[in-house]
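Here is a short report on one structure. Read it with the model open beside you.

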Amino acid sequence: MSVDTATVKKVASLARIAIDDESAERLVPELNNILGWIEQLGEVDTSGVAPMTAVIANKQRLRDDVINADALTGGGIREAVLANAPQAEHGFFTVPKVIE
Amino acid sequence: MTDLTDLGIREIRDGVRDGSFSAREVATAFNAAVAAAKPLNAFLVETPDHALAAADAADAARAKGETMGSLAGVPIGMKDLFCTKGVPSTAASHILEGFTPQYESTVSQRLWEAGAGMLGKLNMDQFAMGSSNETSAFGNVVSPWRRNDGGNAALAPGGSSGGSSSAVAARLCPGATGTDTGGSIRQPAAFTGISGIKPTYGRCSRWGVIAFASSLDQAGPMARDVRDCAIMLEAMSGFDAKDSTSLDVAVPKWEQGLNASLAGKRVGIPREYRVDNMPEEIEALWQQGIAWVKDAGAEVVEVSLPHTKYALPAYYIIAPAEASSNLARYDGVRYGQRDLPDGANLQAMYAATRAAGFGEEVKRRILIGTYVLSAGFYDAYFTQASKVRTLIAQDFDRAWGTCDVLLTPTAPSAAFALGEKSADPLAMYLNDVFTVPSSLAGLPAMSVPGGLDKHGLPLGLQVIGKALDEQGVLNAALAIEERAGFVARPQAWW
């Protein structure tokens, strides 16, 4: 499979990265080179092989259902959460108007 | 008295404990070395006060006769991928400029609790994506090494933990944290003549470590020798309920367990690691390594890892796929940079922010990741790569039937010059050919210096072990270290 300029632009839009025509054109051969190379995986017979889901066997843990059990990850730290926001008002993240 | 910056972690720990020198003297000496090494561009942020505060705490504990932590009085460098409370953490990307974490990563917290101090935050490849430290938004890190051909070319310190490798090799810190996704601890360690171990996936908590590829990322120490790595790894490791992939197993006393005798051990040599066009020097080093482990009492056996050649392409599907997902959080809303063109709506703000904030290699990988995960391609690429990953892990499992550890070269060459490979992304990816398979299988693996190439540059040997057998890896590495007698160091030019 190979990509063209239109595909690169579509993928960039899915990835939420603005891209100009010049960059898209430059990326076409670069991505095709990489995609062409990874395509050799198609040679491997993987019938009957399960895709890896966990690299080291580990039991799924569930935490106790306790509100604010951990001071850091529990909640109630609004100021800390908002401290690095490019723009925050009235205790919320703010973004450009979404609904007219 | 010897220059304190010439001392390693163990020597500093022991010297502070027995009063040969104070922790403050150590921190002051390293702070000065860091401040004087700007041309290496190894540090993004310097934190001399953090190092001094930890040193004073260590000196006070000693004066009062209190128990000293395992790293009391030892100042270290912290890769900028670790969130450190109140100290900017950018992962060397513009998109996180201005981000000051409100919390401490578990690994850094453990190191501070063991008594270590922080000299500063270390430069790296942007979001840990790169093998040469040329993708940092804040300039390349330069290796302290120079070729002996008189050319003075600025060399790559390896990547992505290149600030860490450069700083340790240049004696700016006795040890540093690194992270390894496909070789980012081992390859820079090899390029700069130091040691570094990536432990079993899940040994070190990933909580507070800026994510690249979550099923692969693992923190580890980089230091001047095997023993120092063992000391630091012990302090970094351990179960953390805040990371769902953290392994709930005890941390062994690795330093205490060090033993350079390999009697009764079997060292496997994977046939498929003899890649095409491998430089003669790498092959010669490998043979030398085989002779060393035999001398240490090991039996050497040839093993086969038939899916080796597919590890790298599988990695370059899985890692970008996970990166495209992990890096979706950088959208100009919650932290870091925001780029808001006039009249832009929310989608345009995301796209503009991400276009301006990410570097070229990061964008390239996000696009590859987005492509291989997109509808219609998901099974052909991502599912197939995940199946190949299973086969690669099974190859290793089978190998453990006939051997205890594997011995391979760490990288296919010595350090290359900055700029030499950066124009060809694929050529750069191929640098990780020996380190990626063990990453995909989550296994512990370590690089130790083995010798010098014809230009006087370090070459590394890699030991790969079974899951949770860091001790076996450290011991084999120690056997090599003792026989290699590697004492070369870069001549200060910075």
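## A buried asparagine

Asn84(A) sits in the loop between H3 and strand E1 (88-89) of chain A. Helices (H or I, at least four residues) and strands (E, at least two) are DSSP runs, numbered from the N terminus. This is a predicted model, in which local features need pLDDT of at least 70, side-chain atom pairs count only at pLDDT 80 or more, and totals for chains, interfaces and linings use all residues. Residues are numbered from 1 along each chain as its sequence is written, chains are lettered from A and ligands numbered from 1 in the order in which they are written, and side-chain values use heavy atoms, with hydrogens and water left out.

Is Asn84(A) buried or exposed? Its relative accessible area is 11%, so Asn84(A) is buried. Buried means under 20% relative accessible area, exposed means over 50%, and partly exposed lies in between (1.4 Å probe, protein chains only). A polar atom of the Asn84(A) side chain lies 2.8 Å from the backbone nitrogen of Thr100(B). Leaving aside neighbours within four places in sequence, Asn84(A) is in contact with several residues of chain B, among them Phe99(B), Pro101(B), Arg334(B) and Tyr335(B). Contact means heavy atoms within 4.5 Å.

## A threonine in helix H11

Thr370(B) belongs to helix H11 (residues 360-373) of chain B. With 12% relative accessibility, Thr370(B) counts as buried. Its side chain reaches the backbone oxygen of Ile366(B) at 2.7 Å. Not counting residues up to four places away in sequence, Thr370(B) touches Val11(A), Leu14(A), Ala15(A) and Ser324(B).

## The nonpolar cores

A nonpolar core is a set of buried Ala, Val, Leu, Ile, Met, Phe, Trp, Tyr and Cys residues joined through side-chain atoms within 4.5 Å. The largest core has 180 residues. Which residues touch the most other members? They are Leu71(B), Leu111(B), Phe127(B), Leu172(B), Phe396(B), Leu407(B) and Leu440(B). Helix H9 (residues 311-326) of chain B gives the most to this core, with 10 residues.

Take Leu440(B). Not counting residues up to four places away in sequence, Leu440(B) touches residues including Met52(A), Val55(A), Tyr315(B) and Ile392(B).

## Helix H1 of chain B

Helix H1 (residues 9-18) of chain B has these buried residues: Ile9(B), Ile12(B), Arg13(B), Gly15(B) and Val16(B). What covers them includes helix H2 (23-35), helix H3 (48-63), strand E4 (175-180), strand E6 (218-223) and helix H7 (226-236) of chain B. Gly19(B) follows H1(B) and has a positive phi, near 80 degrees.

## Salt bridges

Side chains of opposite charge can pair when their charged atoms come close. A salt bridge is a side-chain nitrogen of Lys or Arg within 4 Å of a carboxyl oxygen of Asp or Glu. By this rule there are 28 salt bridges over all chains. One of them pairs Glu43(A) with Lys309(B), the closest N and O atoms being 3.8 Å apart. Glu43(A) lies in the loop between H2 and H3 of chain A and Lys309(B) in the loop between strand E8 (299-303) and H9 of chain B, so the pair joins two chains. Glu43(A) counts as exposed, at 52% relative accessibility.

Arg203(B) and Glu470(B) also form a salt bridge (3.1 Å, N to O). This pair links distant parts of the chain, 267 residues apart. Arg203(B) and Glu470(B) are both buried. A further salt bridge joins Arg227(B) and Glu255(B) (3.3 Å, N to O). Those two residues are 28 residues apart. Arg227(B) is partly exposed at 26% relative accessible area, whereas Glu255(B) is buried at 17%.

## Backbone details

A cis peptide bond joins Gly159(B) and Ser160(B), with omega about 5 degrees. Ser160(B) lies in the loop between strand E3 (117-122) and helix H5 (162-169) of chain B.

Ala91(B) is not a glycine, yet its phi is positive, about 55 degrees. Ala91(B) is in the loop between strand E2 (75-79) and helix H4 (106-113) of chain B. Its relative accessible area is 0%, so Ala91(B) is buried.

How values were computed: A polar contact is a pair of N or O atoms within 3.5 Å; within protein, one must be able to donate a hydrogen and the other to accept it, and residues adjacent in sequence count only if both atoms are side-chain atoms.
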